[in-house]
Amino acid sequence: MHWQEMEMYAFIHYSMNTYTDQEWGFGNEDLKLFNPSDLDCRQWARVCKQAGMKGIIFTAKHHCGFCMWPSKYTEYSVKNTPWKDGKGDVVKELADACREEGLKFAVYLSPWDRNHPDYGKPEYITYFRNQLRELLTQYGDIFEVWFDGANGGDGWYGGANEVRRIDGRTYYEWAETFKMIRELQPNAVIWNDGGDRGDLRWVGTEAGNVGETNWSLMPSEGDTPYHMLHFGVENGDVWCPGETNTSIRPGWFYHETENEHVKSLSKLMDTYYKSVGRNSTLLLNFPIAPNGRIHSNDSLRGIAFKKMIDHIFKKNIVKEVKAPKLTSGSYIINFNKPTSFNRFLAEENIALGQRVKKFTLEALVDGQWRSLKDALVDNGDGLTTVGHRRIICFPTVKATKLRFSITDTKAEPIIKKLGVYLAPELTADIQDSGEKKSSGLHIFFSSPTQMMIDWDQEQTFTTFRYLPPQGTKDGLITHYTLWASTDWAHWTKLASGEFSNIVNNPIWQTIKFPATKARIIKFDADRLAEGSRMGYGDIDIHPKRK
């Protein structure tokens with residue numbers, strides 16, 4: 001499978017976290033928790049196919065170490081759960097379902113393992129490769145192998161209950177692991193964001209976007225800071241395209257509190273334009289609910305997403321322009337009459353490399369040439385690289401001509417397709433386009449790192465939720481302490497700890513505690529990712545003020 005065949009494919013997150021309401025499990029979760037009542041991998045495959053996904057990547061083992069197949073190398077797997085009396089194999093069921101639906105199948109195997117007693121020691125690498133070998137030899141063709149970059153930290157580690165640190169660049173000895181993958185699954189591509197360079201790269205964020213300039217090249221050696229991951233490297237010496245990964249919900253795993261926070265159709269289309277429309281593939285996550293199925297809110301929104309993509313790109317206003325053989329200068333598209341459009345698409349013949357460095361777009365409106373820019377960028381016009389596919393969005397114009405000019409290249413450009421389209425404006429009255437927000441609360445700050453929330457009368461609380469600021473690390477809270485009081489004088493500590501993975505995935509964070517009566521909640525930012533003043537996107541407390 002060549003990377004460019006894939007526009008969108010699905011991630012599926014499902015593990016012990018589904019039953020403990022966590023994003024990162026600790027590694028000591030009770031095996032009896034895993035007993036879904038209605039697990040149906042064919043439903044997953046059907047939903048993903050209807051949502052336009054060409055393949056599925058499955059979390060065979062997340063950081064907690066729980067294995068979704070009956071691995072012979074650990075007891076911490078489905079073979080020791082009540083589900084199907086220990087005879088089940090989720091990986092096999094999903095691999096079979098994908099084949100039935102004509103989808104590609106891939107596996108995610110977390111290098112970090114918070115359960116295994118040998119994690120951090122050389123012995124663990126043998127265990128890790130043994131498990132990878134099981135996955136690559138027992139379930140048919142694998143199109144991708146996905147290795148998360150989260151490495152080392154606190155865990156249960158077979159009862160050790162401690163923090164273990166590793167050097168992510170050297171500990172896993174990736175070169176030997178990659179060699180094994182090439183031998184066992186020669187057609188698979190490897191996703192890896194640390195140590196040895198894989199075939200695909202992370203784009204530096206889980207928010208669902210890649211840089212408007214996105215080269216499919218990287219340097220073969222050395223560290224990969226954010227700007228390299230997000231924008232690629234124009235003169236890199238290895239082909240390493242970006243893969244944009246994000247979830248259809250705020251979290252990667254299912255949380256009931258997020259049922260009304262499934263991403264809107266407009267947000268999903270924004271993600272599509274900022275991933276597939278920027279020379280990247282899109283990896284969209286569908287979490288599995290505790291009953292073993294994709295929730296209807298997620299499936300309906302995913303299917304609406306595919307229908308909207310098909311609707312927008314079904315009619316190319318300039319059907320005759322399929323391979324303009326544009327090599328330099330300008331290409332003018334003539335319309336028979338004033339024509340409305342708001343999307344422009346260009347594709348290079350990527351088999352011969354990514355060559356375009358800069359281009360311009362101009363529309364002839366009422367006899368005057370008017371410059372167009374990418375409305376989804378903050379700085380500049382956004383008209384840079386093309387690559388496999390580039391989609392430019394702008395407010396609707398009514399023009400008689402469109403001029404596409406390539407102004408800077410690395411080599412002679414070879415454009416294989418141009419397209420002009422008219423997309424509808426996505427408003428809340430379009431079916432499946434909405435998304436609900438949390439209601440406001442009486443919030444004030446007693447210091448730059450302390451938030452106070454008060455009510456007119458005593459309430460009983462069980463849950464506090466924090467949405468970090470979006471699009472910035474400034475003010476993002478990584479470590480916290482939560483307090484409650486009835487009189488402003490006496491405070492009860494409700495919880496403290498770390499928000500796991502919040503920098504890479506700034507989503508809703510949930511803190512649960514025993515039912516507590518209080519009038520005031522105090523939220524301390526013990527540590528910030530950047531800056532000196534705590535920030536937030538939203539706060540949600542259950543029960544909320546009526």
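This is a predicted model: local features need pLDDT of at least 70, side-chain atom pairs count only at pLDDT 80 or more; totals for chains, interfaces and linings use all residues.
1. The crossing of helices α4 and α5 is right-handed. Helix α4 covers residues 122-137 and helix α5 covers residues 174-184. Their axes come within 10 Å and cross at roughly 20°. Angles under 35 degrees count as roughly parallel, so α4 is roughly parallel to α5.

2. Which residues of α4 and α5 make the contact? From α4 come F128, R129, L132, R133, L136 and T137. From α5 come W174, E176, T177, M180, I181 and L184. By type, the residues of this contact divide into seven nonpolar, two polar and three charged.

3. Next, the pair α2 and α3. Helix α2 spans residues 41-50, and helix α3 spans residues 90-101. The axes come within 8 Å and cross at roughly 45°. That angle makes α2 oblique to α3. The crossing of α2 past α3 is right-handed.

4. On the α2 side, the contact uses C41, R42, W44, A45, R46 and K49. On the α3 side, it uses V90, E93, L94, D96, A97, C98, E100 and E101.

5. Now α7 and α8. Helix α8 runs over residues 296-313, and α7 covers 265-273. The two pack at an angle of about 60°, with their axes 10 Å apart. That makes α7 oblique to α8. Here, too, the crossing is named: α7 passes α8 in a right-handed crossing.

6. The α7 part of this contact is L265, L268, M269, Y272 and Y273. The α8 part is R301, A304, F305, M308, I309, I312 and F313. Eleven residues of the contact of α7 with α8 are nonpolar, none is polar and one is charged.

7. Turn to the open space. The largest pocket holds about 1,300 Å³ of space. It is lined by 45 residues. Which of them are the closest to its centre? They are T205, A207, N209, Q470 and G471.

8. Some elements give two or more residues to the lining of the largest pocket: α6 (226-231), β11 (242-247) and α7 (265-273). Helix α6 supplies the largest share, three residues.

9. What is the make-up of the lining of the largest pocket? It divides into 16 nonpolar, 15 polar and 14 charged residues.

10. How many cavities of 30 Å³ or more does a search of the whole structure find? The search finds one. About 40 Å³ of space lies in the largest cavity.

11. The lining of the largest cavity consists of E23, W252, S500, N501, N505, I507 and Q509. Two residues of this lining are nonpolar, four are polar and one is charged. Glu counts as charged, so E23 is the charged residue among those that line the cavity. Trp and Ile count as nonpolar, so W252 and I507 are the nonpolar pair.

Methods: Residues are numbered from 1 along each chain as its sequence is written. Side-chain values use heavy atoms; hydrogens and water are left out. On a 1 Å grid over the protein atoms alone, a cavity is a set of points where a 1.4 Å probe fits but cannot get out, and a pocket is an open set with protein on both sides within 12 Å along at least five of seven lines; lining residues have an atom within 4 Å of a point. Grid points are joined across faces, edges and corners, and a volume is the space filled by probe spheres set on the points. Axes are lines fitted to C-alpha atoms, for helices over the stretch in contact, and angles run from 0 to 180 degrees between N-to-C directions. Helices (H or I, at least four residues) and strands (E, at least two) are DSSP runs, numbered from the N terminus. Angles under 35 degrees count as roughly parallel, over 145 as roughly antiparallel, 65 to 115 as roughly perpendicular and the rest as oblique. A crossing is left-handed if the near helix is turned anticlockwise from the far one by less than a right angle, and right-handed if clockwise. Contact means heavy atoms within 4.5 Å.
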